[in-house]
Structures are given as structure tokens and as C-alpha cells.
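Reader: I'd like to go through the labels on this model one by one. Can you tell me what each rests on?

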Amino acid sequence: MRVLVTGGAGYIGGAVVAELVARGHQVTVFDPRPVELLAKLAREVKYWPGLVGDPALVAACLYACAPEVVIHLAALVYPRDSQREFYRYWLVNVEGTIQLLRAMFALDCRRLVFASSGMAAEPTNWYAQTKAIAEAAIAAFSAQMELDPIILRLHNAAGCRERLPTPEFCRQARLIPAALRIASGQEAGPLRIFGSQLPTRDGTAIRDYVHVDDLALGIALAAEMDQPTSRVLELGTGQGHTVLQVLERCQRASGYPVPTRLEKTDGSPAVLLADPQPAAQVLEWRPRHSMESIIESSWSAFVGGRKQQRRQGRSK
């Protein structure tokens, strides 16, 4: 099957591309980032450098690769950044999605898998709002162009990719790599924690962490559906972990403390969990990785696969 993946050079995108290639699909990546991020797959994927907000380039890419399905992952994804970069998030997450839909409509491409956010159901920040608006745009286009979209609300991607590990993971702003950069000595602490008096078991936010490779499998299964119908599914485990619980596991895996600094909440919900049952029924998808394996794979990325490696002279 011919598949176009926007944002295919990113953290989740790279895992999706690797999964699709392993399943025998012909993959084209549309992404402004260097193709070197997919170096191990360079001979197996086609690469179009570009932004989804460029209508001419999007149309040219769609025309050239003639995809049977489009997986739209390209987005800006950090809630706190979205409050400062209001218009940029609108341009990429909303207008970029609309430009892609217009190009698909013009070229009679009907199948779409859209990566949304678990926050989109009840948005409390601008990032989540842009995802909710993009979902609404997809619904509107579906009514007019007989689009067959599957909207996947992804919960917190975590862990190091198994098929396509890259140093990019270690530089991410997500909680686990941020904590492990401090544990490994790559950055000085403390780690800022937003929200310490929330109505949860230890006062910090509860989130649903799912391994990036499990997300990639779910996205690939959605793309492969024989008779897709418009629907919204959540990809997550349904199990929650507080920020402090995640940090405790990071400290246990690394053997080093992660000092923290408590900050006021950024307005995000106290608890955000997936309902994984619909995805299990429709896609026959279930997460394979535990929280422990997520942390272990993450720490291995920092120490080159040698968990016992430690920095000389550092005390615990």
C-alpha cells in the first residue's frame, strides 16, 4: 500500500515509518526536517522536504506519490509553548491540516488517519484547542468530500523507538527524557513540575503513558483498515501515573536523584486517561509495553544500551 506520512521524521513519525516499512508498505515522508533522521530507512522510503502549510508543495507531493492513505502527524505539540506561539500553532496545526485536506480533495484521495491528542476532547490549552479545531475541520470536509477519516487521540508517547533509535529522543522536552538528562548529568537540575496541589494521590498530574512503538502499531493498523469508517479512537493504556511516580521510576532505573522544583499549574487537566477498549475492538490493538519497559528503554538510550554505565566520580 502507498502511504504518505506527514511529520514522518519526528519522534512518533519515525516509529510509524519504521512500522509501515516492516509491514511491507511503500512510504513517502513529507517533513521539513533532515532526512538523516531516517537514515537507516533512507533506501526504503521516499522523502519530500516541506511544510504542510505550503499548498503547492503538498499538492505536488500528493500528485507524485498518489497515496492510498495519508497519515497526518505533522504538528506542534507542546501545550506551554502554544500559549506563547499562538499564531504559529494555528498555522501548523489548523491551517496546515486544512491545506492537506484541500489537496486530498482535489486529487481524490479519500483515506486519512489523523493524529490528534487525548486533550482534544476537553481542551484546556491552545495546543489542545488547535487539535479540536482540526478535528472539526476534518469532520466538515468528510461531509463534503466523502472522506474516510480515522481520528486517533494519542496519549503521552514515551520510550525509545526500538527499530529506529535516534539521539533526538534524548533531547526532547517530554517528562521522561527531561528527567533522565538530569539523572545522566547532561543537564543541571532542578526539573520544573507544573502543578503540585492537584486533586490526585500525590498532588501532581496523572497521565497515560504509552510506548511510541505501540502508538506506531496502532496508527499502522488504522491505515490498513479494509473498510474504514469515520470514527474517533483513543490510543493509550487506560492506566495512569503521576508525575512524581514517573520521576521515582526514572531515579530507580538510573540510580541517580532528579531534583525538582514545584511550579503553579499550567491549566492542564489533573487527570487524563484513555479509554482503550474501542481501539481494541476496532483495530485489535493493545499496548505491549509496561511503564517499566518504557523507562528502561529510555534510560538505555542515554547510556548507549549499557544500563550500568555511570559517570566517573559522581555520587548517588
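Author: Here is how a few of the labels follow from their values. Bear in mind that this is a predicted model.

Reader: Why are H8 and H10 called oblique to each other?

Author: Helices H8 (residues 243–254) and H10 (residues 291–302) pack at an angle of about 50 degrees, their axes 10 Å apart. Roughly parallel would need an angle under 35 degrees, and roughly perpendicular runs from 65 to 115, so H8 and H10 come out as oblique. Their crossing is right-handed.

Reader: Which residues meet where H8 and H10 touch?

Author: From H8 there are Val246, Arg249, Cys250, Ala253 and Ser254, and they meet Met291, Glu292, Ile295, Glu296 and Trp299 of H10. That contact splits into 6 nonpolar, 1 polar and 3 charged residues.

Reader: What makes Asp81 and Arg84 a salt bridge?

Author: Their side chains come to 2.4 Å, N to O, and the cut-off is within 4 Å, so the pair qualifies. Both sit in helix H3 (residues 79–84), 3 residues apart, about one turn of the helix.

Reader: Why is Arg84 called exposed, and what is Asp81 called?

Author: Exposed means over 50%, and Arg84 has 62% relative accessibility, so Arg84 counts as exposed. Asp81 has 23%, and buried means under 20%, so Asp81 is partly exposed.

Reader: How do you know that Arg261 forms a salt bridge with Glu263?

Author: Their closest N and O atoms are 3.0 Å apart, again set against a limit of within 4 Å. Other salt bridges share partners, joining Glu19, Arg23, Arg163 and Glu224 into one network.

Definitions and conventions: Residues are numbered from 1 along each chain as its sequence is written. This is a predicted model: local features need pLDDT of at least 70, side-chain atom pairs count only at pLDDT 80 or more; totals for chains, interfaces and linings use all residues. Side-chain values use heavy atoms; hydrogens and water are left out. Axes are lines fitted to C-alpha atoms, for helices over the stretch in contact, and angles run from 0 to 180 degrees between N-to-C directions. Helices (H or I, at least four residues) and strands (E, at least two) are DSSP runs, numbered from the N terminus. Angles under 35 degrees count as roughly parallel, over 145 as roughly antiparallel, 65 to 115 as roughly perpendicular and the rest as oblique. A crossing is left-handed if the near helix is turned anticlockwise from the far one by less than a right angle, and right-handed if clockwise. Contact means heavy atoms within 4.5 Å. Ala, Val, Leu, Ile, Met, Phe, Trp, Tyr, Cys and Pro count as nonpolar, Asp, Glu, Lys and Arg as charged, and the others, Gly among them, as polar. Buried means under 20% relative accessible area, exposed over 50%, partly exposed in between (1.4 Å probe, protein chains only).
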